[in-house]
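Welcome, and thanks for taking the time to look at this entry. Please open the viewer and keep it beside you as you read.

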Amino acid sequence: MASSKNLPAAEDVVKIDKWDSGALKNALDDGAKKVFVDVLHYKESHHLMDGRLVICTIAVFFAMFALVWDYFYPFPESRSVLMVCVISYFVLMGVLTLYLTYAEKGIFLVALEKDPAMMEPDNKWVLSSSLRKYDVMYNLTIQYTDGKTREERVVSCSKCVASFFDENGVFCFDLFSPVLEGLRKDLLSDKKKL
Amino acid sequence: MAAFGFLDDVMRMNKRQLYYQLLNFGMIVSSALMIWKGLMVVTGSESPIVVVLSGSMEPAFYRGDLLLLTNHKEEPIRVGEIVVFKIEGRDIPIVHRVLKVHEKEDGSVKFLTKGDNNAVDDRGLYARGQLWLEKKDVVGRAKGFLPYAGIVTILMNDYPKFKYAMLAFLGIFVLTHRE
Amino acid sequence: MNSFTSRLNSLFAFTLSVMAALTFGCFLSTVLNDHLRPVQLSVGKVSVKNVPDYSADRERSDLGFITFDLFTDLSPLYNWNVKMLFLYLTAEYKTKDHELNQVVLWDKIVKRGENTILDFRKTNTKYYFWDYGNGLKGNENVTLTLRWNVIPNAGTLPNVRGVGSEVIRFPDQYTAGRF
């Protein structure tokens with residue numbers, strides 16, 4: 001249990017339904033994001049999320065276009081336009097599924113560690129996680145790509161979610177951030193070993 | 001604010017996540033829309049699925065049953081078929097069976113319908129002075145049947161407050177629930 | 001499964017899925033049936049009059065009169081996916097005004113469980129045999145067939161023609177007086 005002097009401000013307390021796997025994963029992912037973005041001040045790259053948003057926006061656009069076109073040119077005449085829109089929509093849905101499965105793959109954060117001297121390219125930190133429904137093991141994977149050497153290192157860990165939440169479902173950030181710090185140090189020290 | 005616990009997730013979202021929630025809602029609406037329009041294109045009917053609203057076709061169809069329609073131009077109208085038609089000037093589709101067909105060489109057709117559960121044919125239902133139906137009045141031909149599946153539509157038609165309440169509930173649920 | 005509502009929700013979703021799967025299975029199990037049966041038809045007295053059609057446009061049209069005999073055994077057509085059969089006796093013919101004419105003279109609903117052996121002797125038609133015009137007099141080729149519309153518990157609604165027909169030959173002269 002976190003002691004009272006370590007409790008964060010009231011608005012920062014994250015309380016969730018501890019039986020909801022989705023909420024658990026989201027809280028843990030958000031906690032990891034907080035370490036890398038708020039504490040370490042790495043810059044979050046939104047490319048993956050933006051890709052997803054673009055695909056979805058185009059799909060919704062096709063649907064709305066079909067709706068409006070059909071309103072002005074009632075059905076039999078709008079047949080070919082509708083056919084194009086419907087096929088495009090479902091193709092885009094397929095593209096989205098492929099994108100989520102192969103490009104995103106559980107990644108919830110891409111953070112760029114900028115070189116303080118601004119001379120070398122950024123190091124890239126990619127965080128992904130998984131938590132199966134009704135399971136208690138949270139698997140976190142951190143992939144580090146060095147900006148200069150282009151070398152890739154991966155480290156992962158599996159922890160029981162109960163170690164980070166109290167009985168009321170309050171997320172204890174102070175118990176979680178040391179785990180991330182440890183993983184980060186593992187990755188950096190690995191680099192130095194070689 | 002304690003009562004609105006479900007808004008906690010929303011409060012914690014950034015701009016992109018909020019836009020994604022909106023998009024999620026949009027995609028659910030779009031998927032339903034695209035499936036409906038897709039069915040329209042495939043079946044050729046402006047209303048590919050209809051719910052039986054009256055008891056005029058009992059015991060074959062009861063209120064709340066679902067019918068799948070097709071309306072391909074090449075399909076001829078023949079007696080015994082169940083057609084869904086609209087009387088000019090009225091919006092309500094009627095589901096009845098074809099009783100008589102008179103087709104000319106050029107393909108133009110005049111036909112008469114009657115509900116199975118009605119004692120007389122539909123001439124009393126047609127527009128003033130109209131004795132026959134034509135292809136243009138047809139919304140579609142019933143090709144498939146699914147019992148009871150349209151009960152929710154009947155409930156929503158009979159109790160509009162229920163419809164608005166359900167739509168509002170579903171909308172709020174999708175907008176505030178994080179994946 | 002932590003709250004009553006989530007359990008209720010899961011139960012409801014599961015029930016719906018199972019019912020949908022069973023319904024689809026029911027449809028699939030009988031989709032290849034051809035619903036054919038032999039039918040014995042014969043016609044007794046045949047006559048035609050030419051009178052104003054008060055049920056339609058009041059023009060003088062041909063009005064045919066027949067009595068018919070019908071025998072068929074439809075028992076093999078009934079299975080777990082047949083709710084009822086809608087039987088309709090159709091007269092089909094060609095006139096100089098219309099390439100194709102179809103008129104239903106008699107219909108019957110036979111639900112699953114009811115008597116499925118039909119044996120009608122010297123029966124009058126249920127509906128008047130009006131032509132749309134004057135094409136019955138001397139018409140040697142009016143084909144009488146028994147058809148049925150299969151109404152399933154879930155699935156397609158085929159219209160099937162019974163195997164067997166009878167040709168009605170209308171006399172060259174109109175019959176005066178009553179019948």
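The report below goes through confidence, domains, strands and cores in turn.

**Confidence**

Please bear in mind that this is a predicted model. Chain B has an average pLDDT of 88, and 96% of its residues score at least 70. Within chain B, the lowest confidence falls in helix H1 (residues 8-11), with a mean of 74, while strand S2 (residues 66-70) has the highest, at 95.

**Domains**

Two of the chains can be set side by side here. In chain A, domain 1 is made of two stretches, 13-42 and 114-193, and domain 2 covers 49-103.

| Domain pair | Distance between C-alpha centres |
|---|---|
| Domain 1 of chain A and domain 2 of chain A | 36 Å |

**Chain A: annotated spans and a sheet**

An unreviewed UniProt entry places the feature "transmembrane region" at residues 51-69 and 81-102 of chain A. In the model, residues 51-69 of chain A are 100% helix and 0% strand, with the end C-alpha atoms 27 Å apart. Residues 81-102 of chain A are likewise 100% helix and 0% strand, and here the end C-alpha atoms lie 31 Å apart.

Chain A also has an open sheet of 5 strands, ordered S1-S2-S3-S4-S5 with antiparallel pairing. Its edges are strand S1 (43-44) and strand S5 (152-160) of chain A, each of which pairs on one side only. S1(A) is joined to strand S2 (residues 107-113) of chain A by 2 bridges, in the antiparallel sense. Across this pairing, A:Lys43 stands opposite A:Leu112 in S2(A).

Now turn to strand S4 (residues 94-103) of chain B. Is this strand mostly covered or mostly exposed? It is mostly covered, as 9 of the 10 residues of S4(B) are buried.

Strand S3 (residues 82-85) of chain B pairs with S4(B) in the antiparallel sense over 4 bridges, and there B:Phe85 stands opposite B:Ile94. Strand S5 (residues 109-114) of chain B also pairs with S4(B), again antiparallel, over 6 bridges. In this pairing, B:Glu103 has B:Val109 as its bridge partner. S4(B) and S5(B) form a hairpin with 5 residues between them, and B:Gly107 in the turn has a positive phi of about 100°.

The pairing of S4(B) reaches another chain too: 4 bridges join S4(B) to strand S4 (residues 100-111) of chain C, and the two run antiparallel. Here B:Glu103 stands opposite C:Leu100 in S4(C).

**Nonpolar cores**

Which residues have the most contacts inside the largest nonpolar core? They are B:Val84, B:Val95, B:Ala142, C:Leu85 and C:Phe86, in a core of 55 residues. Strand S3 (residues 82-93) of chain C contributes the most to this core, with 9 residues.

B:Val95 is worth a look in the viewer. Setting aside neighbours within four places in sequence, B:Val95 is in contact with B:Val50, B:Val52, B:Met57, B:Phe61, B:Leu67, B:Ile82, B:Val84 and B:Ala142.

Notes:
Residues are numbered from 1 along each chain as its sequence is written. Chains are lettered from A and ligands numbered from 1 in the order in which they are written. This is a predicted model: local features need pLDDT of at least 70, side-chain atom pairs count only at pLDDT 80 or more; totals for chains, interfaces and linings use all residues. Domain bounds come from an automatic or database domain assignment. A residue is buried if 20 or more other C-beta atoms lie within 10 Å of its own, exposed if 12 or fewer, and partly exposed in between; C-beta atoms are placed from the backbone. Two strands pair if DSSP finds at least two bridges between them. pLDDT is the predictor's confidence in each residue, from 0 to 100. A nonpolar core is a set of buried Ala, Val, Leu, Ile, Met, Phe, Trp, Tyr and Cys residues joined through C-beta atoms within 7 Å. Two residues are in contact if their C-beta atoms, placed from the backbone, lie within 7 Å. UniProt positions are given in the numbering used here, feature names are shortened, and annotations may be inferred rather than shown by experiment.
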